[in-house]
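Shall we go through a few of them together?

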Amino acid sequence: MKNRMRALAVAGAAALLGTLVAAAPAPAAPKVASVHGGGTVHYPYAPASHDIRFTVDAESVPWSKPRKAENMEQGLPTDARGRVTIYHAIPDQGFTAVAEAEVDCMVTGGRTATVTAVVTSSNVGGEGKRIGLSVQAGERGAPDRVGFSWGIVNVDVKPDGSVAEATVGTCMAPAPFTEVTKGGFKVTPAPLAPRPEPLPQP
């Protein structure tokens, strides 16, 4: 009788444990940083008739792009994927510049993200060059904002005062200095992903 009671108690405890395990919520998936949206911007150094738009669809894929450098064999926590499209209509010339770029890096902080992408196609040249964009989601009725790494920033000034075209490093972009007048962006921030376990040594 005692053995039977003990067996019933063990079975009951096992059933209860199974119920608790089944009812426990699954661990939450890590939050993924992203930027999605598109908008027309007001750029004060272009005539009002110009139509300048940016579209950004980017999400983080940390540690996904290995590099041949010390401490970068597993990539970087800012590795990202996606696409950037730039559209600039110039009515007085009857011409529209369009470029597309593949996202390679993104980092977020609060309502702001910086994104870099390498130009893959363009009708004004520049294929293979990295560009930098910053995006800020507006708050409490404030407009969204965009910054970009050409035009008024990222000039390499030489000691003699001459200038040269500067390169753009991964995730490097200026502050979001233009206002979005139509459309908008959604910035989903996330902390930097923890470093993965080291790769096994051969």
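Q: Why is Arg-145 called partly exposed?
A: This is a predicted model. In it, Arg-145 has a relative accessible area of 23%. Buried would need a value under 20% and exposed one over 50%, so Arg-145 counts as partly exposed.

Q: What makes Arg-145 and Glu-179 a salt bridge?
A: Their side chains meet at 3.5 Å, N to O. The cut-off is 4 Å between a side-chain nitrogen of Lys or Arg and a carboxyl oxygen of Asp or Glu, so the pair qualifies. Arg-145 lies in strand S7 and Glu-179 in strand S10 (residues 178-188), so the bridge ties together parts that are 34 residues apart in sequence. Glu-179 has a relative accessibility of 38% and is therefore partly exposed.

Q: How do you know that Glu-100 and Arg-83 form a salt bridge?
A: Here the N to O distance is 3.3 Å, and the limit is 4 Å, so this pair passes as well. It links distant parts of the chain, with Glu-100 in strand S4 (residues 95-109) and Arg-83 in strand S3 (residues 80-90), 17 residues apart. Glu-100 is partly exposed at 26% relative accessible area, and Arg-83 is partly exposed at 48%.

Q: What makes Arg-111 and Glu-139 a link between distant parts of the chain?
A: The side chains of Arg-111 and Glu-139 meet in a salt bridge of 3.4 Å, N to O. Arg-111 sits in the loop between S4 and strand S5 (112-122), while Glu-139 sits in the loop between strand S6 (130-136) and strand S7 (145-148), 28 residues apart. Arg-111 has a relative accessible area of 34% and Glu-139 has 40% relative accessibility; both values fall between 20% and 50%, so both residues are partly exposed. By the salt-bridge rule, the count comes to nine.

Q: What makes Tyr-43, Tyr-45, Phe-54, Phe-148, Trp-150 and Phe-177 a cluster?
A: Ring pairs link these residues. Rings pair if their centres lie within 6.5 Å. A search of the whole structure finds six aromatic pairs.

Conventions. Residues are numbered from 1 along each chain as its sequence is written. This is a predicted model: local features need pLDDT of at least 70, side-chain atom pairs count only at pLDDT 80 or more; totals for chains, interfaces and linings use all residues. Side-chain values use heavy atoms; hydrogens and water are left out. Rings of Phe, Tyr and Trp (its six-membered ring) pair if their centres lie within 6.5 Å; planes under 30 degrees apart count as stacked, over 60 as edge-to-face and the rest as tilted. Helices (H or I, at least four residues) and strands (E, at least two) are DSSP runs, numbered from the N terminus. Buried means under 20% relative accessible area, exposed over 50%, partly exposed in between (1.4 Å probe, protein chains only).
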